[in-house]
Amino acid sequence: MNPHPAEKTPFRGKTYSLCLDEQNSARYYELIRELTDKFLTRCPDEKKLLAHVRNASAQKSFIRKLSGRVADKELVSFIRQSLRESLSEYTSGVGQHLKSLPLSQRFDPVLKTKEEQYHLYMIEIELVNRIYKEAFRKSSYKFALIAHCLRDFRPECKAYSGDYETVCRGCTKDCLVHLGGTLLKKYDIHPYISITMDFEKLFKKIKADHKSVGALGIGCVPELVMGMRLCIEMDIPPVGIPLDANRCARWMKEAHETSFNMEELEKLM
Ligand code: SF4
């Protein structure tokens with residue numbers, strides 16, 4: 001029998017890898033917190049800093065111009081340089097991935113993410129967690145969407161269709177979806193396996209059924225950022241944990257196991 005994913009870390013992702021050569025991503029999280037604290041000394045308002053970071057990562061110049069009211073060129077240039085110096089080792093696969101991206105996939109906003117955007121997204125996730133953590137905790141209904149690629153690939157998955165999304169049946173105790181879900185349930189968070197592509201429809205349905213809703217995402221860096229932004233637009237406080245490496249079939253031609261940092265997940269709750 002193959003070893004369980006958690007015993008085979010560190011995983012290498014197609015574009016990014018948060019564990020590098022270590023057994024877990026603890027050093028990455030420490031670095032992200034340090035960088036965010038450093039940027040907050042220059043811009044102490046977390047929401048303003050988030051606006052700068054989001055503005056800087058906008059791919060299209062007209063989007064940057066539209067939100068140019070919040071631009072602080074000196075701060076943004078400081079952030080960009082600091083991130084390049086500190087985070088490039090985590091995103092060493094981006095250049096090669098972009099070079100080999102077929103024409104048919106060059107318009108996919110997730111697959112075409114540039115290296116600098118990854119760095120800015122990493123800070124965006126940290127800031128969103130800091131800003132929305134309390135509101136998430138206070139929500140009357142909290143749900144989590146867990147990336148399907150975290151499941152144990154050895155048995156046949158026995159997950160079933162639940163009220164909102166796919167639900168893990170807990171068929172194997174080593175599966176990271178099951179382990180994450182068990183932890184989430186302890187904190188009254190309803191875990192689902194993320195399969196749907198239509199998040200807006202899903203979020204509307206959940207919101208219609210509950211007084212206040214909070215969302216927790218576990219997904220690859222660009223997908224997590226897109227999900228968090230949609231939540232904020234829909235007035236749902238989001239928090240999230242990035243996968244340690246992006247290895248699903250969308251990135252690599254076939255699905256490979258990946259992992260996430262369970263200690264960081266517990267810190268959010
Ligand atoms: S534990 Fe859950 S997610 Fe993992 S393989 Fe079984 S049913 Fe699927």
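Author: On a 1 Å grid over the protein atoms alone, a cavity is a set of points where a 1.4 Å probe fits but cannot get out. A molecule sits in a cavity if more than half of its atoms lie within 2 Å of its grid points. The space taken by the ligand is the largest cavity. This is a predicted model, in which local features need pLDDT of at least 70 and side-chain atom pairs count only at pLDDT 80 or more, while totals for chains, interfaces and linings use all residues. Residues are numbered from 1 along each chain as its sequence is written, and side-chain values use heavy atoms, with hydrogens and water left out.

The ligand is surrounded by 13 residues (a heavy atom within 4 Å), and Cys157, Ala159, Cys168, Cys171 and Cys175 are the closest. By class, seven of the shell residues are nonpolar, three polar and three charged; Ala, Val, Leu, Ile, Met, Phe, Trp, Tyr, Cys and Pro count as nonpolar, Asp, Glu, Lys and Arg as charged, and the others, Gly among them, as polar.

As for packing, a nonpolar core is a set of buried Ala, Val, Leu, Ile, Met, Phe, Trp, Tyr and Cys residues joined through side-chain atoms within 4.5 Å, where buried means under 20% relative accessible area (1.4 Å probe, protein chains only). The largest such core has 65 residues, of which Leu49, Leu216, Ile218 and Leu265 touch the most other members. Apart from it lies another core, of 15 residues, including Tyr141 and Phe203. Phe143 counts as buried because its relative accessibility is 1%.

Technical notes: Buried < 20%, exposed > 50% of the residue type's maximum accessible area, 1.4 Å probe, protein only. Near = heavy atom within 4 Å. 1 Å grid on protein atoms, 1.4 Å probe; cavity = no way out; pocket = protein on both sides within 12 Å on 5 of 7 lines; lining within 4 Å.
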